Amino acid sequence: MMRHLTDETLQDYACGVLNASMETLIACHLTVCPTCRQNALLADAIGGLSFNDEPAVEITATAADILALDKTAPINAPGALPTGVFQPGVPRPLARLLPTTLETLPWKSFGPGLKQYNLGTQPRKEGAFKLLSLDPGSRMSKHTHEHRELTYIISGSYSDEMGKFRAGDISDLSGEHNHRPHVDSDVPCISLIATDAPVKFEGLFGKIVQPFVGI
Amino acid sequence: MDATLLRKAKGPDEAAQALNKRMRDNLVAIGKNRDEKAFSDFYNHFAGRVKSFLIGKGLVEAVADELSQEIMLTVWRRAESYNPLKAAASTWLFTIARNRRIDYLRANARIEVDLDDEMLELDVDKEKTQEAQVDLSQQSAQLEQALLKLPQEQRQVMHLSFFRGQSHGAIAQWLDLPIGTVKSRIRLAMQSIRTDILSAENE
């Protein structure tokens with residue numbers, strides 16, 4: 001059974017209130033999950049229909065003004081997307097942000113068998129956006145989330161209190177969860193992780209590694 | 001289903017359906033024939049609502065006014081790419097307005113699913129068959145019906161989260177409710193809408 005996005009997250013995605021990292025991660029899962037894509041379309045459709053409940057406020061221009069504007073205004077092409085390096089096994093929304101293939105990324109080690117590659121540019125208090133590569137058998141320290149933590153599994157698998165997560169799955173956790181993932185595949189588990197606030201690790205080891213993991 | 005509810009829902013539902021169809025026809029006419037009258041009708045219905053959406057989401061009035069004009073100009077210029085089999089006119093407009101607001105607030109464009117992605121998994125039953133797509137106007141009507149059937153409290157939370165504020169926390173504050181209640185109302189609303197649509201499809 002594939003693991004999906006929660007309705008609250010899909011709805012936030014449709015409303016456009018998530019940060020860019022989470023949007024990109026969600027687009028990765030939507031690429032491989034027709035069920036969530038259908039639900040995302042449904043949320044967009046609800047947003048569209050909700051226009052009818054919205055009172056119209058006065059706007060300075062008329063339809064004729066817009067048609068006149070069409071003659072003079074430059075074509076505002078949709079914002080350009082980064083091109084990145086498209087590669088097998090990596091959905092394009094993520095591949096767009098990679099300077100090279102997963103194998104040749106300049107990963108940074110943060111413990112035996114643990115590597116990360118940072119994709120985020122925002123200050124730490126606004127959350128993290130990074131790739132994690134964890135060797136078979138690795139365990140993360142038990143941690144809780146202030147707000148939301150999304151994980152998209154690129155390869156390998158891990159298990160936690162919620163069950164097993166495989167390539168293409170998404171783990172959609174909000175504040176009330178407390179989990180301790182461990183890698184149970186024969187190959188490293190590579191995942192993309194996005195948060196909107198720093199996570200809280202438990203225990204001495206967790207507190208020691210946190211500055212190095214930086215999530 | 002409760003007969004009173006059905007009767008109550010029927011009036012506004014038919015009006016809403018007629019409106020959805022008129023707006024869809026307008027968009028198609030703009031795309032095909034650069035129909036200025038169709039644009040005018042579309043504009044008069046939606047422009048002020050788009051502006052209201054942008055203000056509700058936190059933009060100041062002057063910016064909201066300017067962006068609404070830009071969004072409506074985009075409608076005029078891009079109507080050709082609108083596929084009436086894939087989305088209702090209001091859905092199409094909503095995604096343009098939402099993305100324009102995001103792009104205004106950020107340096108980079110929103111990265112979305114790439115339809116040319118080799119990894120794109122299609123639901124063969126639902127997405128590839130033509131029959132499933134022709135049903136869209138039908139599905140819009142069912143969705144409208146499902147929305148109308150929601151308890152007022154769920155409908156209100158859905159509307160607020162699309163059109164006001166930034167987060168469920170803000171909506172919780174607005175309504176003076178615990179955030180858990182806001183989230184569970186959203187969950188319940190989405191579930192009952194899905195159930196309604198699925199049962200209508202299987203009839």
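## Model and confidence

Residues are numbered from 1 along each chain as its sequence is written, while chains are lettered from A and ligands numbered from 1 in the order in which they are written. Because the model is predicted, local features need pLDDT of at least 70 and side-chain atom pairs count only at pLDDT 80 or more, but totals for chains, interfaces and linings use all residues.

The predictor assigns the complex an ipTM of 0.84 and a pTM of 0.87. Residues 1–9 of chain B have pLDDT below 50 and, beyond near neighbours in sequence, five contacts in the model. Residues 128–134 of chain B also fall below 50, again with five contacts beyond near neighbours. Two residues are in contact if their C-beta atoms, placed from the backbone, lie within 7 Å.

## Chain A and its helix α2

Chain A contains six helices and twelve strands. These are DSSP runs numbered from the N terminus: helices are H or I with at least four residues, strands E with at least two. Of its 215 residues, 41% are buried. Buried means 20 or more other C-beta atoms within 10 Å of the residue's own; exposed means 12 or fewer, and partly exposed lies in between, with C-beta atoms placed from the backbone. Among chain A contacts with a separation of 6 or more, 67% join residues 24 or more positions apart.

Helix α2 of chain A runs over residues 20–32. Its 13 residues should span 18 Å at 1.5 Å a residue, and its end C-alpha atoms are 19 Å apart, which agrees. The expected span is 1.5 Å times one less than the number of residues. Twelve of the 13 residues of α2(A) are buried, including M22(A), L25(A) and L30(A).

L18(A) sits in the loop between α1 (7–15) and α2 of chain A. L18(A) is buried, with 22 other C-beta atoms within 10 Å. Not counting residues up to four places away, L18(A) touches D12(A), Y13(A) and E23(A). D196(A) is 178 residues from L18(A) in sequence, but 8.6 Å away, C-alpha to C-alpha.

## Where the chains meet

Chain B gives 65 residues to the contact and chain A gives 51 residues. The largest share of the chain B side, 13 residues, comes from α2(B). That side divides into 29 nonpolar, 15 polar and 21 charged residues. Here Ala, Val, Leu, Ile, Met, Phe, Trp, Tyr, Cys and Pro count as nonpolar, Asp, Glu, Lys and Arg as charged, and the others, Gly among them, as polar.

## The core and helix α2 of chain B

The largest nonpolar core has 88 residues, and L25(A) and F42(B) have the most contacts inside it. Such a core is a set of buried Ala, Val, Leu, Ile, Met, Phe, Trp, Tyr and Cys residues joined through C-beta atoms within 7 Å. Helix α2 (residues 36–56) of chain B supplies the largest share, nine residues. Beyond four places in sequence, F42(B) contacts M23(B), N26(B), L27(B) and V75(B).

A38(B) lies in helix α2 of chain B. A38(B) is buried, with 22 C-beta neighbours inside 10 Å. Leaving aside neighbours within four places, A38(B) is in contact with N26(B), A29(B) and I30(B). R24(B) is 14 residues from A38(B) in sequence and 10.0 Å away, C-alpha to C-alpha.

Definitions and conventions. pLDDT is the predictor's confidence in each residue, from 0 to 100.
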